[in-house]
Amino acid sequence: MYIPNKAMPAQHRMSAKQRAKRTKVGIILALTVISVCAAWALWQADRAPRETTPAEQQLQHDLQALWTWSDDELKSGSEGADWAIRWNVTGKAGTMKEVVQQLFTEAGGTAISKVVQNEGKTVSGKMAQYGGSLSIHLVQTDEQTEQVMVLLDTTLSPLIQKKTLMDAASDISAKLALISPAFTSSMKVQGYTKQKQAIQRLTRMAEAKSVDRYEDAGTISETYYTRLLRMSVAVENGKSANLQVALHKETNSENTELTIGIPVITGEYSVFKAENP
């Protein structure tokens, strides 16, 4: 019986032009895949939460503690007190301009109203989202570096919510960390005392040990160290301090002003915003 041979399909070899075309298509496809992957990676990076710096973490931790400690000792509570948070930023030449741009520009790129003074060395403005006024000062400059101070002050605000203050500190710190990750900060709260022996109660809550004490006819100021706070500064005799408390008795009233600073008090002790007894 005759069995015909199976015809094998003819194999056609690609021409050099066809091979070049196929190689080109493969390269384009590979580049497209790489581009898509890169775009996805960048999108994910933008969405991922930024890791906070140690300077940011210290400020948030100590601000939380100060709010809690002062709330029961002030007539107006922490919400009605005067708060000031200060950042010190050291960077390259042009740091002042960068800080102003970061803090006085909205997320969409719109400039926030501000007042420029002292030949551009002081910039300030009211920041409703921060619950107070924000000012930026060029403290020192040379050919290579600039030292800038940023101050958030709630003195003229009737009340400030804890979340508003914490969010303001976090947002400002995050923007400054992009310029100088190792910025330093300090804070102060001020108001009238609710009852006597405010210092004793505060130091018990803070588990603080006295480092230095000053007293005159109307003012008592004492500096402490506590392990419950993360900031600290070096003081005399090789010791460290991170909490300062001051009481000032007003001569024309029965009110006593209480000021608490971390790591120390900066500025005057007086209460600028009148509080009801």
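## The sheet

In this predicted model, 10 strands make up an open sheet with antiparallel pairing, and their order across the sheet is β2-β3-β4-β5-β1-β6-β12-β11-β8-β7. Strands here are DSSP runs of E with at least two residues, helices are runs of H or I with at least four residues, and both are numbered from the N terminus; two strands pair if DSSP finds at least two bridges between them. The edges are held by β2 (115-117) and β7 (209-215), each of which has a single partner strand, so one side of each is left without a neighbour in the sheet. From one strand to the next, the twist averages 15 degrees. Strands of a sheet pair through backbone hydrogen bonds, in either a parallel or an antiparallel manner.

Several of the pairings can be followed residue by residue. Strands β1 and β5 run antiparallel and are joined by 9 bridges, and K92 has T145, in β5, as its bridge partner. Strand β1 is also joined to β6 by 7 bridges, again in antiparallel fashion, with R86 bridged to S186 in β6. Strand β6 (residues 184-192) in turn runs antiparallel to β12 (residues 256-262), to which 6 bridges join it, and the bridge partner of Q190 is T259 in β12. Helix α5 (residues 198-206) packs on the sheet, where it touches β8 (219-225), β11 (243-249) and β12, and the direction of α5 makes about 165 degrees with that of β11. Such angles run from 0 to 180 degrees between N-to-C directions, with axes fitted as lines to C-alpha atoms, for helices over the stretch in contact.

## Helix α4 and its cover

Helix α4 (residues 162-177) consists of 16 residues and spans 22 Å from its first C-alpha to its last, close to the 22 Å expected at 1.5 Å a residue, where the expected span is 1.5 Å times one less than the number of residues. Buried residues of α4 include L165, M166, A168, A169, I172 and L176; buried means under 20% relative accessible area, exposed means over 50%, and partly exposed lies in between, using a 1.4 Å probe and protein chains only. The cover over the buried residues of α4 includes α2 (54-71), β1 (82-92), α3 (95-103), β4 (132-141) and β5 (145-153).

K175 is among the buried residues of α4, whereas D171 is partly exposed, with a relative accessible area of 29%.

## Other salt bridges

A search of the whole structure finds 7 salt bridges. In one of them R201 is paired with E73, with 3.0 Å between the closest N and O atoms. R201 belongs to helix α5 and E73 to the loop between α2 and β1, so the pair ties together parts that are 128 residues apart in sequence. R201 counts as buried at 18% relative accessibility, and E73 is buried too, with a relative accessible area of 3%.

E254 and K249 form another salt bridge, in which the closest N and O atoms are 3.6 Å apart. E254 is exposed, having a relative accessible area of 71%, while K249 is partly exposed at 36%.

## A residue of β12

T256, found in strand β12, counts as buried at 18% relative accessibility. Apart from its neighbours within four places in sequence, T256 is in contact with G191, Y192, T193, L247, H248 and K249, contact meaning heavy atoms within 4.5 Å.

## The protein as a whole

The protein contains 5 helices and 12 strands, and buried residues make up 40% of its 277 residues. Of the contacts with a separation of 6 or more, 60% are between residues 24 or more positions apart. The accessible surface comes to about 17,200 Å², of which 54% belongs to carbon and sulfur atoms, with areas taken from the Shrake-Rupley method with a 1.4 Å probe and, for residues, only the protein chains shown counted as cover.

## Basis of the values

Residues are numbered from 1 along each chain as its sequence is written, and side-chain values use heavy atoms, with hydrogens and water left out. Because the model is predicted, local features need pLDDT of at least 70 and side-chain atom pairs count only at pLDDT 80 or more, whereas totals for chains, interfaces and linings use all residues.

How values were computed:
A salt bridge is a side-chain nitrogen of Lys or Arg within 4 Å of a carboxyl oxygen of Asp or Glu.
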